[in-house]
Each structure stands twice: as C-alpha cells, then as structure tokens.
Amino acid sequence: MPEYKAPIRDIKFVMQELLNCDNHYQKLGYEDASLDMVDAIISEAAKFAEQVVAPINQIGDEQGCTWTDGEVTTPDGFKDAYQQYVAGGWPTLAQSVEFGGQGLPHSLNTAITEIFSSANHSFAMYPGLSHGALATIEAHGSEQLKNQFIPKLVAGSWTGTMCLTESHCGTDLGMLRTKAELNDDGSYSLTGSKIFISAGEHDLSDNIVHIVIARIPGSPAGSKGISLFIVPKFNVTDDGDISERNAVSCGSIEHKMGINANATCVINFDGAKGYLIGEINRGLNCMFTFMNVARLGVATEGVAAAEASFQGALAYAKDRLQMRSLSGVKNPNGPADAIIVHPDVRRMLLTQKSIAEGGRALIAYLAQLVDIGHVSTCEEEKAAAETKLALLTPIAKAFLTELGLECTGHGVQVFGGHGFIKEWGMEQLMRDTKISCLYEGTTGIQALDLLARKILGSKGKILKAFASEVTTFCLENADDDAMQEFIQPIKSFGGDWQKMTEKVGARAIKNPDEIGAASVDYLMYSGYLTLAYFWAKMAKVAQDKLAEGCEDEAFYQAKIKTARFYFQRILPRAKGHAACVENGAQSMMALDADDFSF
Ligand SMILES: Cc1cc2nc3c(=O)[nH]c(=O)nc-3n(C[C@H](O)[C@H](O)[C@H](O)COP(=O)(O)OP(=O)(O)OC[C@H]3O[C@@H](n4cnc5c(N)ncnc54)[C@H](O)[C@@H]3O)c2cc1C
C-alpha cells in the first residue's frame, strides 16, 4: 500500500499564494481563520489522515462491511477511527456556531476533505454525506427540525444519508414510488424501498438521519410531485434526544467493485415517521442544496484519487530499476536505471501531477465561491459567485472524476504487473474511484446539465462571468513575454469554445439529439480549458515568486515545468473533443436500436 503523505505544501500554495485565502477570509468576516489557524488545522488533519485514516484503507477494502439481520458492521478500525474523528472536532469545523460548529470557512473544510479522501475514500464518505444532510436541513428545515436534528449531526454523533435512488429509477427520479402519507400530528408515514444508499446503515454513529425524496398521494406525476423528508433511524424527541426505533431497516448491502468499507444499503421504509422539509412538491429544488455540496465533494474525490495514486507511482518509479535510459546510463552503479528516467513513465507521472495539482486549484477556487455564496453581504458578489459555481460544478464533478480515474490507471501502469496485484494498493485506488464518475449524477448527466440546462438554457449568459474573469487575466498578462506560452493557447481554445457553443446551439434547434451527442465532449473540452486557466495562474504566481527571489525555488520551478507539460501534452486533447463535437450526432444515431447486434 503506498504510504500517503498529505500534500501540505501544495495545499498551502493553492490556498494562500494562488487564492489569497487570508484576504478572502478577512473580507468575508471569518475572523478566526487566520493564516496560523489555517496552517495548524491542515497540519493536524494531515497527521490524523496519515496516522489513523490511511492505515485502515487496505483492511477496509479486504474486509468490507458485513450485514447481519439488518445490522451493518464496518471493518476493523473504522469505529475507533470515527470516534477519534468526532473527538477531534472534525465534523464541526465548518458548521454554524449556533448549532455547536466552529464556524470556520467551507473552503478550509474542502481542503481537509481532499486529505481524508486520499487517505481512505470509504471512510471519508461517512462524514461527507452528513455535510450534505446538514446543509439541506439548515437551508430548508423549520426551526423546530433544525433544533432537533442539526446539533447531533454537527457533533458527528449522528450521521446523514441521501435517499434518492430506487431500483427502477436512478437518473430519472420523477419515476420514484416511495410515498409519504400525512399523519394527524403533521408528520408523514413513508413507505417504499431505496437502493444504493451510501452509509445507510452502519455502527459508527448513534443515529442515522435519512434525507428522503418521496411522493405525497395526489401530487403530480414526474419530478414536479416530489417532496423531501427527514426520516431518522431512531425517532427523536422535541429536545433532540433519541427515542424509539423508527420503521426504517436495512434489507441488505451491496457487494461491489470498490469502496468496500462504505456500506451501500437497501433501505426499507415501512410506514416510517418522517418530517417534511421545504414546500410540498418542491423536493427536488431543496435536494439541489444537497447535490451541489455533494457534487463538489465528489469532484474532490477525483483530485484525491489522482494525488494518492501519484504518490504511490512516484515512489515506485524512483525505486524500480528496469532497462537503461535511451539517452545514456543514469545509474552506472546499478544493474539498470530507475524507471523514472523513461519518457513514457514521466508522461504518466506528469499527467497525474498536473491533474492533481490543477484539480486542487479548481476545487479550492470553487470552495471559495461557496464561502462567498454562504456569507457575503454583497448581492452582486454573491450572484456572480453563484453563476460561476453553477457553470463550473458539473465541469469539476465530471471532468475531475474522469481524469482522477485515468490517473489511477496510470498509477497501476507505472507499477507494471505489480500494479495489478492487490498488495500494492494501486488497483484499489482505481476500483474505489470509479464510483465518483457514477454517483451524484453520471458523467453523461453532468454533461447534459452543463450544456442543455445551463449553457443553452441561459443562451450562453452563464458563461459570461467566468469568461470575463479569464479574459481579464489574459489582458493583464498580455505584455508578459514569459506568460505567452500559456496565454496564447487559452485565448485560442477559449475562442473555439465560444464558436463551438454557438454551433451546437444552432444545430440543436433543428435536432435536439445534437445536444446529447455533443455534451460529454463539450464538457471535457470545457474541463481541459478550465484547468489550463488555473495552470496559467499558478505559473504566474510561480514566476513572480522566482522573480522576487524565494527560498523554495525548486517548488516554483516545478510548478512552471508542470504547467508547461499541461499546456503541451494535456490541453491538446481538447482538440480531439472539439473534432468529435464538430462531427455531430449523425454517426451516433444512424444505427437503429434493433440493428445493434453482436
Ligand atoms: C456505490 C454506490 C453508492 C451510491 N450512493 C447513493 C446514495 O447515497 N444515495 C442515492 O440516492 N443514490 C446513490 N447511488 C445511486 C447513484 O447515484 C445512481 O446509480 C446513479 O445516479 C445512476 O443511476 P442508475 O444506476 O439508475 O443508472 P441509470 O439512470 O439507469 O443510467 C444508466 C446509464 O444511462 C445513462 N443515462 C440515463 N439517462 C440519460 C440521459 N437522459 N442522457 C444520457 N444518458 C443517460 C447514464 O448516464 C448511465 O450511463 C449510489 C450508487 C452506487 C453504485
């Protein structure tokens, strides 16, 4: 198993030097989030992840969760690690002071989420789901429900879930069958069965708070008739204490490709007591609060997987001796050179490094936008942040998880045949991260959300705020010769992005299938370009640091060299996606469904 070390230096570079978090936090009134505090929290999280969470990753994969008569037991070490996680106050970090949280910024929590997720994807999902549940109750719950449920979720003694999927409906939630019938006391009785519920049942917390979508009899069919409910495993008194068991049970758990230590459950509601949150039939709108938090969390998993795999591959590539370098012997005292001398091994390592570091910058930027959305008092600033988030969330979710998966494949490949052997842990990273491309809306669904709903739905207006930020950056650096290797491609790819958008929009008027045919390639193009912008910005910071004279010269030189690799060897992939978009839907739709044969 590769030994995980949290990339503290790079996290600080992104937060402090690239995104000036000090200024950002002070401006938003996060007085406690001083640089010293941020440093201390990241260092402590790193220590906890490296010493407690990472060591149970492999055993978690081997043992998986076990189900006995409706009770789920997590693998050895998980309960203890979760207790330490709670005792360390980690769940409370970015939660409201009003409910017992520390009131620190969401973006600081996001940095820590990456660390925990790299250390152990399955473990990080347990508290990750609670964040989404909390955000939903806080945004849409009544005061009574907030007081009953939030404090224990904040403390981490209770955990949360998101119950959407049913056996016949995953993407198309409008088909759901779970029903919610009104009781005399104003509560509801929920009946139905949900599948694939992450952390739906386990032994880590005293209670599990399910956030469930269901239909109230008489509501419209389809997605317009969905309402949202809190359904606890144990009922809760008005004061927020646990009372009798609710009619919620875990029917079974799945045996799956990865994240074996996170219980994926069938959850049955047999007239279970639930409480409406938000308005009747507005459940999906409320659920979007949960989904946006969750999508950013899943995008972070892509970065975390790329980083963890990179660390394993890098150590191996420096150690493993095979063949001689094409350009002459590099290790004359050994029987062969370390494989890191070979250009193809470097291609894989640099792909991992450029995606992990570029993705980290994009996620940290998005997390700052979330901070602004939460606490800014300036309506204009808030609206701009929310528009950028709406545009970039599906890009980050789908692009970073697809690239995260690719990077874990490179990790296996760098190890050669040993990468395929479980003992090394590289194949686990690949199996664990595949789910990030699937849950929270598949890559295909994120791409439709981006192109159909957001870009074409707004007639391109949603692009404006982010495009203008990128244009401003290009203009600011127009006279900087050293930056032209980055600025010129951004201008060129950015111009093509605009033209591609207009072309797909025009084609879609004649044939709506053109949208679906273009969508994933369009999203991937957008992702490569977005990451190019963040790599250019990082290169600029590094150049300025080197010009000023700094101690950590090697770090900044590496940033510029990695930026160059990204622009020369990764960004050109976008042209392939543009060509696919250009070729349109015809070849995809030419074969009748009945004529697909084998
Ligand atoms: C390990 C695991 C954990 C999960 N955790 C949770 C959880 O905690 N809570 C929860 O509610 N759910 C959870 N899910 C469910 C997950 O979110 C769904 O599996 C996912 O949304 C896809 O739904 P589906 O599996 O029904 O696939 P389907 O909706 O049947 O889709 C099948 C394929 O068709 C494609 N497709 C469908 N419609 C379209 C379209 N209009 N255009 C283009 N392509 C389309 C999809 O992209 C996909 O490739 C989990 C699933 C797994 C495996």
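This is a predicted model: local features need pLDDT of at least 70, side-chain atom pairs count only at pLDDT 80 or more; totals for chains, interfaces and linings use all residues.
Trainee: Let's start with S526. Where is S526 placed?

Mentor: S526 sits in helix α16, which runs over residues 513–548.

Trainee: And why is S526 called buried?

Mentor: Buried means under 20% relative accessible area. S526 has 0% relative accessibility, so S526 counts as buried.

Trainee: Which residues is S526 in contact with, leaving aside neighbours within four places in sequence?

Mentor: They are I395, L450 and W497. The word contact is used because heavy atoms come within 4.5 Å.

Trainee: Now A361, please. Is A361 buried or exposed?

Mentor: A361 is in helix α10. Its relative accessible area is 0%, and the limit for buried is under 20%, so A361 is buried.

Trainee: What does A361 touch, not counting residues up to four places away in sequence?

Mentor: A361 touches V14, L18, L19, F534 and M538.

Trainee: Let's turn to empty space. How do you know where empty space is left?

Mentor: Rolling a probe the size of a water molecule over the atoms shows it.

Trainee: How many cavities of 30 Å³ or more does the structure hold?

Mentor: Six. Each is called a cavity because a 1.4 Å probe fits there but cannot get out.

Trainee: What can you tell me about the largest cavity?

Mentor: About 110 Å³ of space lies in it. Its lining includes I11, S107, T300 and R360. Helices α1, α6, α9 and α10 each supply at least two lining residues, and the largest share, four residues, comes from α6.

Trainee: What makes a residue such as I11 part of the lining of the largest cavity?

Mentor: A lining residue has an atom within 4 Å of a point of the cavity. I11 is listed in the lining of the largest cavity, so I11 has such an atom.

Trainee: How do the residues of that lining divide by class?

Mentor: The lining of the largest cavity has six nonpolar, three polar and two charged residues.

Trainee: And the second largest cavity, what is its volume?

Mentor: About 90 Å³. Two or more of its lining residues come from each of α6, α9 and α12, and α9 gives the most, with four residues. By class, the lining of the second largest cavity divides into four nonpolar, six polar and two charged residues.

Trainee: Why is a pocket not called a cavity?

Mentor: Because a pocket is an open set of points, while in a cavity the probe cannot get out. The second largest pocket has a volume of about 400 Å³. It is lined by 17 residues, with H24, Y365, Q368, L369 and I372 nearest its centre.

Trainee: One last thing: which residues does the UniProt feature "domain: Acetyl-CoA dehydrogenase-like C-terminal" cover?

Mentor: The unreviewed UniProt entry places that feature at residues 466–592. In the model, this span is 84% helix and 0% strand.

Terms used. Residues are numbered from 1 along each chain as its sequence is written. Side-chain values use heavy atoms; hydrogens and water are left out. On a 1 Å grid over the protein atoms alone, a cavity is a set of points where a 1.4 Å probe fits but cannot get out, and a pocket is an open set with protein on both sides within 12 Å along at least five of seven lines; lining residues have an atom within 4 Å of a point. Grid points are joined across faces, edges and corners, and a volume is the space filled by probe spheres set on the points. Buried means under 20% relative accessible area, exposed over 50%, partly exposed in between (1.4 Å probe, protein chains only). UniProt positions are given in the numbering used here, feature names are shortened, and annotations may be inferred rather than shown by experiment. Ala, Val, Leu, Ile, Met, Phe, Trp, Tyr, Cys and Pro count as nonpolar, Asp, Glu, Lys and Arg as charged, and the others, Gly among them, as polar.
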